Amino acid sequence: MSRVTVMRAEHAQEVLAIYRFGIDEGDATFETAAPAWEEFDRRRLPEHRLVALDDSERVLGWAAVARVSDRHAYAGVVQHSVYVHPGARRRGVGHALLRALLASTDAAGIWTVQSGIFPENTASLALHVQAGFRVIGTRERIGRHRGRWRDVVLVERRSPSVD
């Protein structure tokens, strides 16, 4: 069983290790290395960073958002990430994190949560559809990753609590 709580600096080592697992697997991000904690911390909004912890307080996964733009018109639009430790997958951790993240962004008046997902990451795509995200489309050959062109499926969720 896991519980979702606010991500704190004490979780940094485990959060970045989980991020590295996703990077190393090759279908989670265009990133090729996890940043230092200071950069990770600076890029993500502190009020919407969560971790799932097991009964021993080990981090099973994390979720966070970043602004898509500094322009006022996009103040309620964020891009999110959800990462789950390989040993904790298929146990509802990603679902719990995403549900808690959406509750947090809804409460803050964020009207759009979006992400780009590699089409090969079928588990993430299924999780997002189950959580109410819709597929906007596919950006074909949008970037090179490990020597090959990659497509990205754009997904978004509009908050039901913001009109």
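This is a predicted model: local features need pLDDT of at least 70, side-chain atom pairs count only at pLDDT 80 or more; totals for chains, interfaces and linings use all residues.
1. Residues are numbered from 1 along each chain as its sequence is written, and side-chain values use heavy atoms, with hydrogens and water left out.

2. Let's begin with the sheet. Seven strands make up an open sheet, in the order E1-E2-E3-E4-E5-E7-E6, and the pairing is mixed. (Strands, labelled E and at least two residues long, and helices, H or I and at least four residues, are DSSP runs numbered from the N terminus; two strands pair if DSSP finds at least two bridges between them.) At the edges sit strand E1 (3-6) and E6, each of which pairs on one side only. On average, neighbouring strands are turned by 25° against each other, direction ignored.

3. Now walk across from E1. Four bridges link E1 with strand E2 (residues 49-53) in the antiparallel sense, and valine 4 stands opposite alanine 52 in E2. Helix H1 (residues 12-25) packs on the sheet and touches E2, E3 and E4, its direction making about 85° with that of E3. (Angles here are taken between N-to-C directions and run from 0 to 180 degrees; axes are lines fitted to C-alpha atoms, for helices over the stretch in contact.)

4. Next come E3 and E4. Strand E3 (residues 59-67) and strand E4 (residues 77-84) run antiparallel, joined by seven bridges. Arginine 67 stands opposite valine 78 in E4.

5. What about the step from E4 to strand E5 (residues 112-117): parallel or antiparallel? These two run parallel, with three bridges between them, and valine 77 stands opposite threonine 112 in E5. The chain gets from E4 to E5 through H3, in a right-handed β-α-β crossover. (Right-handed means that, with the strands pointing away from the viewer, the path from the first strand over the helix to the second runs clockwise.)

6. Glycine 116 stands opposite leucine 154 in E7. Strand E6 (residues 134-145) also runs antiparallel to E7, over eight bridges. Have a look at two of the partners: arginine 134 goes with glutamate 156, and valine 135 with valine 155. E6 and E7 form a hairpin with two residues between them, and arginine 146 in the turn has a positive phi of about 55°.

7. Last, a pair of helices. H3 (residues 93-107) and H4 (residues 122-130) pack at an angle of about 45°, their axes 10 Å apart. They are therefore oblique to each other (under 35 degrees is roughly parallel, over 145 roughly antiparallel, 65 to 115 roughly perpendicular, and the rest oblique). Gly94, His95 and Leu98 of H3 make the contact with Leu127, His128 and Gln130 of H4, where contact means heavy atoms within 4.5 Å.
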